[in-house]
Amino acid sequence: MPRKRSPAPLGVPPDLDIAAFRSRLLEWFSANARDLPWRRSLDPYHVWLSEIMLQQTQMERGVAYFTRFIARFPDIAALDAASEDEVLKLWEGLGYYSRARNLRRAARELMERHGGVFPRDVQAIRALPGVGPYTAGAIASVAFNAPVPAVDANVLRVLARVLDIDEPVSAPAVKRRLEAAAAELLDRGAARAFNQGLMELGALVCRPRNPECPACPLGPLCLGLARGTVQSRPVLKPGPEIIRVDMACGVLAWQGRIFIQKRRKNDVWPGLWEFPGGVMEQGERPEETLVREYMEETGLAVAAGPPIGVLRTSYTRYRITLRGYFCAAAPGVDPVAEHRLNEADEARFVEPGELSRFAFPSGHARLVTKLLTDLRLPAFLAGESIA
Ligand code: SF4
């Protein structure tokens, strides 16, 4: 005899007042929703861009990038027609550049498969490059009011506290339970406001640190608040180990132009431009690193000059210290004729004023800013010796 399967665990405890949860949340959102550009238009193209841009990005910063992006690429067709360099340049500083590349790939698919019209169906949205289950739910519900949940980190945190979940929220079974809870709680007739309200509550009130429980509309329903466990919810697994990386790179000038190269498609930061350089090996001085890296990456013999600056950036779990130097070709070396593309897809010699047209990883982008305001730059470009 086959045994009867026990039912899947419920997302929401039976005694939680779901009607009160919905009405309290919706009322709060209607009074407290932030005025954001994509909320005004509800254009699915805008909602999609905002969702992709806001991943790992603070709201204020996201709005600034969104506004610039929409001004340059007002619709899907304009984004589809853009070059990768243009899109990456507008994305410069936001990090996680695969998001920008996926936007372009998705724009192409939207033009080819959907005639430039954003699909309403959540499965069709989910099939676009760079769109996961959360993003698909967010676009479908916010743009089209489709009755699907959208569970991001804010929502996970709110629900883990309201339901007082004492296991790590990143565990697949716990995540599934919280997703089931979000689906049960969803007000299917008002998915747009409900999903945005839950995310907004997580961002503004039920914040990661110092949640404002006295001002929270869900306070009377919150098990974490009732049991005094808010500070320990959600339960998080320890983060990945932080790795510190020291790097050095060199800015080479030749006949008034500056050498830059484009990173390979299969490398970290593909398609972005950089000054040649790399990770310092043990016992190596930064000047030695850049001389070695120039030879390995470009085949050029160079001599390190004075420092330009030290830039500190983060990339996932890496904390990078980048030291930038002026450098010069060794006597008798002609960089234009002799440079090789050993670790790059393309190289150029550009005027300093042209550097702002290219997208660089954040450390190199900040080095560009330092370089362009460095009073030694004219003498460096003229080939004079500088200190
Ligand atoms: Fe979060 Fe506090 Fe509101 Fe509970 S009462 S949902 S912990 S802000």
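How many residues apart are Tyr45 and Trp48 in helix H3, and what does that spacing correspond to? The two lie three residues apart in helix H3 (residues 44–54), so about one helical turn separates them.

This is a predicted model. Its aromatic pairs come to twelve. Tyr45 and Trp48 form one of these pairs, and the pair is tilted. Both partners are shielded: Tyr45 is buried at a relative accessible area of 2%, and Trp48 is buried at 0%.

A second tilted pair joins Phe259 and Phe349. The angle between these planes is 50°, so the pair is neither stacked, which needs under 30 degrees, nor edge-to-face, which needs over 60.

The geometry of the two pairs is set out here.

| Pair | Centre to centre | Angle between planes |
|---|---|---|
| Tyr45 and Trp48 | 6.1 Å | 50° |
| Phe259 and Phe349 | 5.0 Å | 50° |

The phenylalanine pair links distant parts of the chain. Phe259 belongs to strand E2 (residues 257–263). Phe349 belongs to strand E7 (residues 344–350). Phe259 and Phe349 are both buried.

The charged end of Arg68 sits over the ring of Tyr65. Its distance from the ring centre is 4.7 Å.

Conventions:
Residues numbered from 1 in each chain as written. Predicted model: local features only at pLDDT ≥ 70, side-chain atom pairs only at ≥ 80, totals over all residues. Heavy atoms only, no water. Phe/Tyr/Trp six-rings, centres within 6.5 Å; stacked < 30°, edge-to-face > 60°. Helix = DSSP H or I, 4+ residues; strand = E, 2+ residues; numbered from the N terminus. Buried < 20%, exposed > 50% of the residue type's maximum accessible area, 1.4 Å probe, protein only. Lys NZ or Arg CZ within 6 Å of the ring centre and 35° of its normal.
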